[in-house]
Amino acid sequence: MEPKLESLEPFESGFSLNPNPSFSPSVPVAQSNGVNAVHRLDDDKFDGSEMNLNANNANNFEEDEHVNVDLDFDEDVMDPYALAIVPVAEDNQLAHVESAYRRKPPPRSAELVRVTNLEIEDERYFRELVRRTRILYDSLWIHCMLEDDIRRRNVMNVMSGRVPRARGDMKVAALMRDRGLWLNQDKRFVGPIPGIHVGDVFCFRMELCVLGIHGQIQAGIDYLSSKQSSNGEPIATSVIVSGGYEDDEDSGDVIVYTGHGGQDKNSRQVVHQKLEGGNLGMERSMHHGVEVRVVRGFKYKGGIGEKVYVYDGIYKIEEYWFDVGKSGFGVYKFKLVRMEGQPEMGSSILKFAESIRANPLAARPVGYVSLDMSRSKEQVPVFLFNDIDDNHEPLNFDYQVTTIFPPFVYHNARSTGGCNCVDGCTLDCVCVKKNGGECTYDLNGRILRGKPIIFECGPFCSCPSNCLNRVSQKGVKNRFEVFRSMETGWGVRSLDLIQAGSFICEYTGVVLTRDQAQVFTMNGEDSLVYPNRFGERWAEWGDFSQVYSDYVRPSYPSIPPLEFAIDVSKMRNVACYMSHSPCPNVFVQLVMYDHANTAFPHLMLFAMENIPPMRELSLDYGAADEWTEKLAICN
């Protein structure tokens, strides 16, 4: 039975249906209400239909009651929406979902669309939509896993033996599906997906399903089944290359991809493959000239699980053949060739970053100005790279690891005291109570959710240095590179994979009071950074309002207005070279730990998403206020 495809509901008047009013379609589209960047997949045998990408309906979240979603791991099932149950623990407050009824989620749409010629504004819109979805997924996963750690600890205190960990990635995916938060379920993209960039890294395969990149939970080939296709032919749209088949050959731009099927539970080929299902979809995509997305999965240091998944772009299926595999059984092989004009493959960049970490001068003989511009002040070296001109300006500044506050900030700091914890802080700890009585970080130091301010244990606390409430004060752990850029002047990128929610570094300099800053600006200085302009990006991390109707944005602890500036004219660190972006991948979290004056907190930077190696780090520096019309020193 073919699914019924319903058209989009008409919008009320008064709404702007297009983030870019001057947008023009690549080909005429009749009765289009949205971003006309889509054209048909025209073929005499292949019927792909139009889809309006719309800035107002692309994130059309449902407001109905919480419902549970069934998921499963059956490779032979094309549709992952009617699969095995993900249990929800009753004693887990975060994961507890009350349901007055259960409904089967609607099947994925059979509508195949291709998007071309998006304007910059539209690209930014869809990138922001993807970014917010990833922030929700990653922050929700951290919460689920922390509560699972607490559950396992409680069980082990009562029972002996091993207690298995929950599949947090599956649980989060189910929660988001309950609320209609999966992207691109009302359409199937052929080729690039708006908002997904080549090189994006994902720590969980379920993220690919949530974002609509690859709809199969286990199968390596995602395809439109023959039952859903208008002409009765399956069409493949994406593949995952992860070394699951011994006959695969991957040289980067060219892949010999082995079809699926015929393996036992130990991934051994035990029977001949058949030209059906995904294999037939690959053959039909080759026949109709339909390209496929390629995601590579492989082991990489710094990932959460066994593998990381990297989106590597679009490939054409040039030929296929039936061959005898290494196991002696027949397999189908497909030759995939990467299409030209795309950014460098993310998997290649990750491997290149590994070579730089191992031997920077061998990996890049030309361009390095310094192999540690921090002069051993940081725990790990900070590289300085410039292969554009002879500008070595960052070496002219005194590298400052921590912020320099005025002496009066530390007055009576000891009188405020600290916690008396011995083995580590618990929920009864006085420092934890300052944070509203809840944990601030998980067991791996990832921030649970942003707050107006966070109180970490400090020098007057009795807890050990490995206390879970001591994270940002420990300094930089990732290897960074300040680099010369044609677009931003100077920029910062990491040589390591930075997990979402992880601490990056402090934004340092010399703190000036409001009066001192005004004198500074009168003298023509433009090297001041104003913390009050960074805004409240912290509120985006751990915002579960779309998942839980009773979610309340953190308002405690509260702090007075930030009326100080940071002078970076003489002293600065790697953070000062981060460029500005309205869609940043780094956010500022205010933290206290070494004094009690909440008017002068530390500016600690955390990752808003998984940041792959060699990708530029960016902040939202905000806009000018009444102090001065000049922005901060953002590039």
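Leaving aside its neighbours within four places in sequence, Val482 is in contact with Met373, Val382, Phe383, Leu384, Phe385, Pro394, Trp490, Gly491, Val492, Val574 and Tyr577, where contact means heavy atoms within 4.5 Å. Welcome to a predicted model, in which local features need pLDDT of at least 70, side-chain atom pairs count only at pLDDT 80 or more, and totals for chains, interfaces and linings use all residues. Residues are numbered from 1 along each chain as its sequence is written, and side-chain values use heavy atoms, with hydrogens and water left out.

**The chain as a whole**

- The protein chain has eight helices and 26 strands; these are DSSP runs numbered from the N terminus, with helices being H or I of at least four residues and strands being E of at least two.
- Of its 635 residues, 55% count as buried, a word that stands for under 20% relative accessible area, with exposed being over 50% and partly exposed in between (1.4 Å probe, protein chains only).
- Among contacts in the protein chain with a separation of 6 or more, 71% are between residues 24 or more positions apart.

**Nonpolar cores**

- A nonpolar core is a set of buried Ala, Val, Leu, Ile, Met, Phe, Trp, Tyr and Cys residues joined through side-chain atoms within 4.5 Å.
- The largest one has 43 residues, and Val482 is listed with Ile504, Tyr507, Met578, Leu605 and Leu619 as having the most contacts inside it.
- Elements that give two or more residues to this core are β13 (382–385), β16 (480–485), β17 (489–494), β18, β21 (564–567), β24 and β25.
- Strand β24 provides the largest share of this core, four residues.
- A second, separate core of 42 residues includes Trp141, Phe503, Phe544 and Met604.
- In soluble globular proteins, nonpolar side chains tend to be buried together.

**A four-stranded sheet**

- Four strands form an open sheet with mixed pairing, in the order β15-β24-β25-β18; two strands pair if DSSP finds at least two bridges between them.
- At the edges are β15 (454–455) and β18 (503–506), each of which pairs on one side only.
- Strands β24 (residues 586–592) and β25 (residues 602–607) run antiparallel and are joined by six bridges.
- Val588 has Leu605 in β25 as its bridge partner.

**Cysteines**

- How many disulfides does a search of the whole structure find? The search finds zero, a disulfide being a pair of cysteine sulfur atoms within 2.5 Å.
- For Cys505, the closest cysteine sulfur is in Cys576, 8.6 Å away, which is too far for a bond.
- Cys505 is buried, with a relative accessible area of 1%, and Cys209 is buried too, with 2%.

**The second largest pocket**

- This pocket has a volume of about 1300 Å³.
- Of the 41 residues that line the pocket, the closest to its centre are Arg167, Arg205, Glu306, Lys307 and Tyr309.
- On a 1 Å grid over the protein atoms alone, a pocket is an open set of points where a 1.4 Å probe fits, with protein on both sides within 12 Å along at least five of seven lines, and lining residues have an atom within 4 Å of a point.
- Helix α1 (120–158) is one of the elements that give two or more residues to the lining, along with α2 (168–178) and α3 (205–211).
- With five residues, α1 gives the most to this lining.

**A glycine in helix α5**

- Gly346 lies in helix α5 (residues 346–358) and is buried, with a relative accessible area of 1%.
- Leaving aside neighbours within four places in sequence, Gly346 is in contact with Val198, Gly199, Val310, Tyr311 and Asp312.
- Gly346 and Arg296 are 50 residues apart in sequence, and their C-alpha atoms are 9.0 Å apart in space.

How values were computed:
Points joined across faces, edges and corners; volume = space filled by probe spheres on them.
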